[in-house]
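Here's a quick briefing to read with the model open beside you.

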Amino acid sequence: MASLSTSNSTLLMALIVGCVMMAASASNFYQDFDITWGDGRGKILNDGQLLSLSLDKASGSGFQSKNEYLFGKIDMQLKLVPGNSAGTVTAYYLSSKGSTWDEIDFEFLGNLSGDPYILHTNVFSQGKGNREQQFYLWFDPTADFHTYSILWNPQRIIFSVDGTPIREFKNMESIGVPFPKNQAMRIYSSLWNADDWATRGGLVKTDWSHAPFTASYRNFNANACVWSNGASSCKSNAPSSTKGAWFSQEMDSASQQRLRWVRKNFMIYNYCTDAKRFPQGLPPECRMS
């Protein structure tokens, strides 16, 4: 009986591993994304498992998701432009359309060789942004792939890097702060030239002798509510527990501790401490944090 039990256990483990592998390989850039601009500079490779964007003096490139989402846990692995990437920006974000759009941004500001990338984050709600926070990363984002995640549920938005939270934007509609919750958003990414502002405020220009500049993407995963034909794949009357843990997820004490570690050691700009920028007083959400 022991050998039968062992055999059954082995079979069960093989089935579990097989399911996990199927889930992991189910994401395919051909199925999930369209390359929208760049005249061939954006490429889907390796049977849909890898996507690359490139930038040269003539043009950058970009892609967008086929699906729109209204809340979700979105993960993507990126490997950024190596070497002298000054003047370039790799943007990876969620956004809706229209003049009162919502948007959740990661932007990676290029650098001179040897200097750290700046990770720029922002949250727009109903067309209003001005909520920038910027960070250095604690690793070289050009040497390997790293996972950049957005958790977006009705209570909060959490930006994470390799599972470490770097920013939380809470729903504070109760004090008059608009929160993105009614507009479905697509995922976008682009690699483009922004040497008028990206590196040291535009002082360092793009060195085109290093072109083409290339960023790479893999292992996209969206555990999310897909918006289609005016309806969400998450039934509104269903309990939150059926939509996945992310739908009601909060930061536990360990996550809050990691967030404090990032803010203390790697945050280089926070709009909530920029009193000169807001002479009439800091935004209300800043006074609550």
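Over how many bridges do strand S6 and strand S7 pair? Strand S6 (residues 88–95) and strand S7 (residues 103–109) pair over 7 bridges, in the antiparallel sense. Keep in mind that this is a predicted model: local features need pLDDT of at least 70 and side-chain atom pairs count only at pLDDT 80 or more, while totals for chains, interfaces and linings use all residues. Residues are numbered from 1 along each chain as its sequence is written, and side-chain values use heavy atoms, with hydrogens and water left out.

**The sheet**

- Two strands count as paired if DSSP finds at least two bridges between them; strands (E, at least two residues) and helices (H or I, at least four) are DSSP runs, numbered from the N terminus.

**The S11 and S12 hairpin**

- Strand S11 (residues 156–161) pairs with S12 in the antiparallel sense over 6 bridges.
- The two strands form a hairpin with 2 residues between them, and Asp162 in the turn has a positive phi of about 50°.
- Val161 stands opposite Thr164 in S12.
- Strand S12 (residues 164–170) is mostly covered, with 5 of its 7 residues buried; buried means under 20% relative accessible area, exposed over 50% and partly exposed in between (1.4 Å probe, protein chains only).

**Disulfides**

- A search of the whole structure turns up 2 disulfides, each a pair of cysteine sulfur atoms within 2.5 Å.
- In sequence order, the bonded cysteines pair 1-2, 3-4.
- Cys225 and Cys234 form a disulfide with their sulfur atoms 2.0 Å apart, and their link is left-handed at -90° about the S-S bond.
- Cys225 counts as buried because its relative accessibility is 1%, and Cys234 is buried too, at 15% relative accessible area.
- Cys272 is joined to Cys286 (S to S 1.9 Å), in a left-handed link with -75° about the S-S bond.
- That pair links distant parts of the chain, 14 residues apart: Cys272 sits in the loop between strand S16 (267–270) and helix H4 (284–288), and Cys286 in helix H4.
- Both Cys272 and Cys286 are buried.

**The second largest pocket**

- About 250 Å³ of space lies in the second largest pocket.
- For the record, a pocket is an open set of points on a 1 Å grid over the protein atoms alone, where a 1.4 Å probe fits, with protein on both sides within 12 Å along at least five of seven lines; lining residues have an atom within 4 Å of a point.
- The volume is the space filled by probe spheres set on the points.
- Its lining has 16 residues, with Gly110, Ile118, Ala198, Thr199 and Arg200 nearest the centre.
- Strand S8 (118–124) and strand S9 (133–136) each supply at least two lining residues.

**Asp32**

- Asp32 is found in helix H2 (residues 29–32), and it is buried, with a relative accessible area of 18%.
- Asp32 and Gly48 are 16 residues apart in sequence and 9.4 Å apart in space, C-alpha to C-alpha.
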